[in-house]
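Please walk me through this structure, one feature at a time. I am new to it.

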Amino acid sequence: MVSEKTFDKLKILAESARYDVSCSSSGTSRSNSSGGIGNASAWGICHSYSEDGRCISLMKIMLSNNCIYDCAYCVNRRSNDHPRSSFTPQELSDLTIGFYRRNYIEGLFLSSGVLRNPEYTMEQMIAAIKDLRLRHRYNGYIHMKVIPGAGRELILEAGRWADRLSVNMEIPTENNLKFLAPEKNYESILKPIRMITENIRENREDRKKFRHVEKFTPAGQSTQLIIGASDDKDITVLSLANKLYRQRSLKRVYYSGYIPVNGYDSRLPALASPPLKREHRLYEADWLLRFYGFNVNDIVSEEYPDLDLSLDPKVSYALRNPWLYPVDINIADPMMLLRVPGIGLNSVKLIVAARQHSRINSDNLKKMGVVMKRARYFISCRELGFSQNVQDLKPEVVRRILLSGQKPSDAFQLKLFTSTVHPTPALT
Amino acid sequence: MNIFNFDQTFEGLLTLVFESYRLKLFPDMIMGRGENQSFLFSDPVFIPTESEKAERVWKKIIEKTSPTNGNRIYIAFQSELPGTPKLIYDYIKLMTDTQQSIETDFTLPPVMEITRLFNKVAKETARVRMFTRFQQTSENSYYASVMPEYDVLPLCIHHFTDRFADQEWMIYDLKRDYGFYYNLIETERISFEKLPVNPVNGQLYESFHNPEEKQFQKLWKNYFDTICIKERKNYKLHRQMLPRRFWNYLPEKNG
Ligand code: SF4
């Protein structure tokens, strides 16, 4: 079964799939009740880490990297002269199960270039995941990409077999999408996203009434936005993400710093390297939106439309709003504790539980995992041992201290960005 | 000076707690795994394990705090780190001596220490779930070698039994010399005199491999190398997330 050809195909089709960032396998918890193979863990498990430091959880692979479209930012666009290959649905499901049984992977993430038309492509992809579920009695995690333009029937069918579906938006605004991918249209992307949201809601209602109704994409849907291929500002990106979370109930929005794969195309910006720092800051901001009770305009605004690359968005927020600090650890509302730089979700849980018993001091905080280096300027608590907070010191001073505390490897970046630093409101 | 010793099982430690209260003899020191130095002024008292006594202490812990907390103590125990038995003893004592539950009073050093230990062991447990690699045998069953820092294999077994329910498998801890074998019905603990395994890379001897096994390992390595985006190389992060001590048993980091 494993032949030279399998090696070639795997190489070509993994290479083509690797730019898709989403790898998370979380969102479903399903024990293996059928006696077949596989279960899904609610928090998702990474099985390895590639040398770029990214988690390898799902086998990320394309069914085919042939494509009839010519999107500017994509390695697989039809005008690229680059090796092409395809798996048959069965080859793909056999390979997946071989990896899964050895505990190499947490499941499958299947995407594909567009063959002939969206419908045909979806049919092929569905055939592969259906084969896994039925022939191999596979009960593990499956994430499948939906091809923009696919109709309702096929989306419903895909959602029967997959845990998660995703339609990649890629370019955040309609105009830029038109510019970079003239054959795609915004509506053909938004429509399936809407459809999936509606189906998930309907399915949830139906399952309340009739217990035997099968689950439809139990792990929900996600999408990906490419950062830096178009001139869209962070405020545009984050507002869009926020809308997708709040109105369309998306589970995740992924941000992918554009990697200049098609340097010859003059519609794309010439980048020396992918905007990884910006991508990282966007993930931090996204985290604040989803788990820390922040609103988009806490993080970016008309005045500051882009994230500050040199500081994490929570620190930027605190320095722009110094009057909210210092926060008293022993009495503050948990939501306010979450707004203290250096204090994360876990520490907040420990603080709130512990302070019902005794007063907390700075030593306790350290043990609870609070990063005192950052938090000290924004909190007050008994026996702090340091007295100066952001109000006494002024935000610009705290800013300088925090930046100089960075590791030498960041010094270069520091030099780069200090010239573009926004003045804090307290300064002006 | 009161020095106690026990058979290094969790039950044994709980029995020790029981006996110490009964005898009103409180330990200054409890010997941990592999600690067998001799003492100048007093000989360690060895407490033999008795299930009933252990059971009563266990019930008490759960009654006083919660089942989650009982579990937390057990998992912290699996760390095998020096000082752990005494820490657990102090923790249980603190719990029984205070009126209200101290489970979440993280300002008390033993509470925070147990929690930190628990987190360490839980992390290692997660890593064994992630980094265990099965090899298909010539009899179509699956074998994996592991060598975890703490004794976490028993904490992973439920996960593997649920996930790999339709394949016969064995996972073996080469450091502690025992493993678990799943025979398609139940999972049992086993030990072998001699395994046909190369301890350096954890691989079964070639004649015990399924003919396709090496191919699959190569395919996986191939995938691993391909999926990395070279423009994003971040070796430091890679090493941090995938600690070196796991590499020998990972086909993607070898061959
Ligand atoms: S449709 Fe998808 S695979 Fe095809 S060129 Fe566009 S982004 Fe690439």
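How many disulfides does the structure hold over all chains? The structure holds 1. A disulfide is a pair of cysteine sulfur atoms within 2.5 Å.

First, some ground rules. This is a predicted model, where local features need pLDDT of at least 70 and side-chain atom pairs count only at pLDDT 80 or more, while totals for chains, interfaces and linings use all residues. Residues are numbered from 1 along each chain as its sequence is written, chains are lettered from A and ligands numbered from 1 in the order in which they are written, and side-chain values use heavy atoms, with hydrogens and water left out.

Now the disulfide itself. Cys46(A) pairs with Cys55(A), and their sulfur atoms are 2.2 Å apart. The torsion about their S-S bond is about -110 degrees, so the disulfide is left-handed. Cys46(A) has a relative accessible area of 17%, so it is buried. Buried means under 20% relative accessible area, exposed over 50%, and partly exposed in between (1.4 Å probe, protein chains only). Cys55(A), at 24%, counts as partly exposed.

Cys67(A) is buried at 19% relative accessibility. Cys74(A) is partly exposed at 24%.

A search of the whole structure finds 6 cavities of 30 Å³ or more. On a 1 Å grid over the protein atoms alone, a cavity is a set of points where a 1.4 Å probe fits but cannot get out; a pocket is an open set with protein on both sides within 12 Å along at least five of seven lines; lining residues have an atom within 4 Å of a point. Grid points are joined across faces, edges and corners, and a volume is the space filled by probe spheres set on the points. The largest cavity has a volume of about 610 Å³. Its lining counts 35 residues, and Asp20(A), Tyr73(A), Cys74(A), Lys145(A) and Glu170(A) lie nearest its centre. In chain A, α1 (4-17), β7 (221-227) and β8 (252-257) are the elements that give two or more residues to this lining. Helices (H or I, at least four residues) and strands (E, at least two) are DSSP runs, numbered from the N terminus.

Helix α12 of chain A gives two or more residues to the lining, together with α3 (67-77) and α5 (109-131) of chain B.

Leu345(A) lies in that helix α12 (residues 345-354). Leu345(A) is partly exposed, at 33% relative accessibility.
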